[in-house]
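My notes follow in the order I checked things.

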Amino acid sequence: MTTVDEKQARQVAEAARETQWRKPSFGKELFLGRLRLDLVQPWPEPDPATAEQAEGFLDKLRAFLVANVDNAAIERDGRIPDEVIRGLGELGAFGMKIDQKYGGLGLSNLHYCRALQLVGSANPSLSALLSAHQSIGVPQPLKLFGTPEQKQAYLPRLAAGEVSAFLLTEPDVGSDPARMSSTARPVNGGYRLDGVKLWATNGTLATLLVVMAQVPKSDGHRGGITAFVVEADSPGVTIERRNEFLGLRGLENSVTRFHDVFVPADNVIGAEGKGLRIALTTLNTGRLSLPAMCVGAGKYCLSVARQWAADRVQWGLPVARHEAVAKKIAFIAATTYAMEAMLDLSCMLADDDRNDIRIEAALVKLFGSEMAWVMADELVQVRGGRGYETAASLAARGEKAIGVEQLLRDLRINRIFEGSTEIMHLLIAREAVDAHLSVAGDIIDPEASLGRKAKAGARAGGFYARWLPTLAVGRGQVPGGFGGYGPLAVHLRFVERSSRKLARETFYAMARWQGRLERKQGFLGRIVDIGAELFAMSAACMRAHAQADPAGRELADLFCKQSRLRVEALFAALWDNTDALDVQATRRVLDGRYLALEEGVLPAVPQAGEWVSSWAPGPSTVEDVRRRLE
Ligand SMILES: Cc1cc2nc3c(=O)[nH]c(=O)nc-3n(C[C@H](O)[C@H](O)[C@H](O)COP(=O)(O)OP(=O)(O)OC[C@H]3O[C@@H](n4cnc5c(N)ncnc54)[C@H](O)[C@@H]3O)c2cc1C
């Protein structure tokens, strides 16, 4: 096992960060107290020529899904049939994000996300397959960092339907890549790869893999975590297991062992030591696919809730007419509208390449995965007992086969993978305080010399003298501010005022806690959640205004009113919370002070087995369980 202390782990993450901001960022400005609607105005529109082509593809995709995908069978068998995978390949669904010159469809982010939404509504394991393949699998890192030869060699194969996977996680590497123990030893003409990778989506099926491994530092090798394209049938690659989960029953997810696998030097993506930066940059837009499926889930929740709650009568009324149920349906409708606005806006900004969208994509992933989970949970409640019953069981009793429990199970993983909520909070908070760190970082760095601190002090003095006064007053306090937005102006004024308040609170926290701020995860999480709500409100208002549709305006208005209550509660909790008490209590829990509370149930943790499986380098001792398409 690789031993890494906290400081080293942070250094690895920091080194992988993209430090430059070459293009403007709406999200970054929001955290600095500046509501820069000019950066997202006018509401971007997809290019009409490519949009028409993309709509044609979406029509064919829809028809294919309706005719060929049997969600119940995938749930029952835990397997996506070969003919469905092949059929999607023939339609070009594995090349949605690959340029046309390599045989792909070259869809925009907007239409790619629409396609994932559609596919996810047929079966979520299918959209996970397509998204893992092209958002994090081989196509995207090659598109961004590949050489012309690599693109020519691999992209046409992938566009034609070969499946790819992305292998970063190891038993000992989850959120913290510094502990990576897979190695790639330089040898004549290339590298020898050894290691075990865990939970690789598509891993049992993929023929091409992106593999992250540590190259040891040596003469002529700068070393570090490096990304490789690996042919999955190379000698020494064994698919040791197909994993099973709470949801996504059709997922083809593997444990993959590499034993002395030769990888040619030409297969390095980018350069040695750039692997994590490549992974993070890939995720900048790759992260948009997950909320696309969450928006799809919102639409599903709304459709089921609307029809069921109108039909189901209890206590003399359709359940939708009981206030407690009505509130849930209103929440689902408003949240779905805002989530879709956030997603579409982020996609279109990514497509026109005008803005840096890394904060927006991270916010929509965070907000989308959290809110979709709440919406699905509320839908279970609206459906009552039927929400807890499987679709197959409902159908067997002659009722409509609506799989709300499947939706809940399938959605849960979105809060964990592609950056867990806790890690997304830290990642976004890091960017949100970046302006402070870049001017005042040395003041709060315990390891900086006195000279560096003094220089930073002078720099910070100038920055804050200019910046702080801008946080006092703004358009949000002017009664007619944002008047062009009609009835929605009141919400934009709130967003503007809250953005400045957010920046003031962040500055105050920096001054109060200095270097300890990075440990105040409760505080940072709330700062980020407020930012996500403000982005959602802005996007909802912008969309409603641009589309000039009265129904959209109603939903944006409702969303903003609901969101505002959450924002106010989050602001209040910044300084009034049990964070410190909770940290102390958890120390006591771990010290065993409350052991008596665990009595009365059978032992929760089995004696057998390890918490985290260990692995030793060497050839595989189990049968290869790779799936080959017929
Ligand atoms: C179905 C499925 C599919 C997956 N697909 C892929 C794939 O295709 N490729 C791939 O490489 N990986 C994949 N993964 C792995 C996934 O990305 C990881 O599960 C995820 O990164 C979290 O890592 P972990 O599970 O080891 O949790 P851990 O890192 O062990 O974290 C445990 C908990 O601690 C929290 N935590 C950790 N560090 C911190 C911190 N510094 N501050 C606050 N909280 C913290 C986490 O948020 C989490 O709540 C998949 C996993 C699953 C279950």
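Entry 1. I looked up helix 11 (residues 289–311) and helix 16 (residues 404–412) in this predicted model. Their axes lie 12 Å apart, at an angle of about 160 degrees. Helix 11 and helix 16 are therefore roughly antiparallel to each other, since an angle over 145 degrees counts as such. I noted their crossing as left-handed.

Entry 2. I listed the residues that make this contact. Helix 11 gives Ala297, Tyr300, Cys301 and Val304, and helix 16 gives Val404, Leu407 and Leu411. By class, I wrote down seven nonpolar residues, no polar ones and no charged ones.

Entry 3. I went on to helix 12 (residues 323–352) and helix 13 (residues 358–383), whose axes come within 10 Å and cross at roughly 155 degrees. That angle makes helix 12 roughly antiparallel to helix 13. The crossing of helix 12 and helix 13 is left-handed. Among the residues in contact are Phe331, Ile332 and Met339 of helix 12, and Leu363, Phe367 and Met371 of helix 13. The classes for this contact are 14 nonpolar, five polar and three charged residues.

Entry 4. I then checked polar atoms around the ligand. An N or O atom in the side chain of Glu422 is 2.8 Å from an oxygen atom of the ligand. For Thr201, a side-chain N or O atom is 2.9 Å from a ligand nitrogen atom. Gln521 has a polar side-chain atom 3.1 Å from a nitrogen atom of the ligand.

Note on methods
Residues are numbered from 1 along each chain as its sequence is written. This is a predicted model: local features need pLDDT of at least 70, side-chain atom pairs count only at pLDDT 80 or more; totals for chains, interfaces and linings use all residues. Side-chain values use heavy atoms; hydrogens and water are left out. Axes are lines fitted to C-alpha atoms, for helices over the stretch in contact, and angles run from 0 to 180 degrees between N-to-C directions. Helices (H or I, at least four residues) and strands (E, at least two) are DSSP runs, numbered from the N terminus. Angles under 35 degrees count as roughly parallel, over 145 as roughly antiparallel, 65 to 115 as roughly perpendicular and the rest as oblique. A crossing is left-handed if the near helix is turned anticlockwise from the far one by less than a right angle, and right-handed if clockwise. Contact means heavy atoms within 4.5 Å. Ala, Val, Leu, Ile, Met, Phe, Trp, Tyr, Cys and Pro count as nonpolar, Asp, Glu, Lys and Arg as charged, and the others, Gly among them, as polar. A polar contact is a pair of N or O atoms within 3.5 Å; within protein, one must be able to donate a hydrogen and the other to accept it, and residues adjacent in sequence count only if both atoms are side-chain atoms.
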